[in-house]
Amino acid sequence: IRSTAAAHRPHRTWADLAMRVCICQLHPHLGDPAANRAHIIQLMREHSQTADILIFPELFITGYPTGDAQKTNIAALAEHVDGPSFSALSAAAREHHVAVVYGYPEADGEHRFISMMFIGNDGRRVLNYRKTHLWDPFSRFERIQFVDASNQPPVVDYQGVRIGMLICWDVEYPENCRALALSGAQLVLAIAANADDFVLSHIVPVRAFENLIHIAYVNAPAEPFCGSSTICSPRGTPLLSLPRGEAVSTYDVIVSDPQWDGVRERNPFFRHRRPELYTALVQP
């Protein structure tokens, strides 16, 4: 596992609005939430002095089954929003004063969702987001065990940074990132178990560019997934790119940097939008 916690930290001043984002592109133990929680807590302890927030891939608490393992009943391991993973990681966030985002299967009554939890460095729940677009072109695992959520893409203010959250295939629907940008998002945190290199190399940079936002996209490593997690700037350029295998790396995302303000001025997408022409986008 490569750790480059201090290698990607550009100079910043007190006037900068920044967040040290630690991408934890790691492979969890399938069907072992306790072991995966312990691994998260270990990383929180190790990176508490060099990162503001640690982010783990989709369904990291249980692992994402592939191949014959897709028969594994991951939904049976689903937790309530305030379940054992939240309790353990909330306590770790308070102890180490570092925020964490992780993917897990959520139980709400009879329904099961693929969700991501954002816990602040005070141990409080900042946001819980449920995946709205379940993947099914080549695998029915998600739709057999889970349901699509109907929540709008959320934006929250955390330590002065406007943050949105999405899960995997949600990013590939352009309306989601545009909705977050229109709601004022400066940084989108996305977690995934994605096997398509094209998404990491092309779609994520385009989503950042066309919406003038930073995107931190944390993908699962190990076959069939492709790793290659990235942080992209509002210019669509990669600020950080990880290899395909396991890696942990931190980058200082400076959302108030004047160069990004300049990008927004030169690319006035939002000033020249004409929503009255786009009504077909919201038709069923």
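Start by selecting V21, I53, F118, I163, L187 and Y217: of the 61 residues in the largest nonpolar core, these touch the most other members. Such a core is a set of buried Ala, Val, Leu, Ile, Met, Phe, Trp, Tyr and Cys residues joined through side-chain atoms within 4.5 Å, where buried means under 20% relative accessible area with a 1.4 Å probe, protein chains only.

The model is predicted: local features need pLDDT of at least 70, side-chain atom pairs count only at pLDDT 80 or more, and totals for chains, interfaces and linings use all residues. Residues are numbered from 1 along each chain as its sequence is written, and side-chain values use heavy atoms, without hydrogens or water.

Next, centre on L187. Leaving aside neighbours within four places in sequence, its contacts (heavy atoms within 4.5 Å) include M19, V21, I163, A216 and V253. L187 stands opposite H214 in β10. β9 and β10 (residues 214-219) pair in the parallel sense over 6 bridges; pairing requires at least two DSSP bridges.

Now show the whole open sheet, ordered β7-β8-β9-β10-β11-β12 with mixed pairing. β7 (155-158) and β12 (238-241) are the edges; each has a single partner strand, so one side of each lacks a neighbour in the sheet.

Last, colour by pLDDT, the predictor's confidence in each residue from 0 to 100. The protein averages 91, and 92% of the residues score at least 70. Over residues 5-15 the pLDDT is below 50. Where pLDDT is low, the predicted coordinates should not be read in detail.

Conventions: Buried < 20%, exposed > 50% of the residue type's maximum accessible area, 1.4 Å probe, protein only. Helix = DSSP H or I, 4+ residues; strand = E, 2+ residues; numbered from the N terminus.
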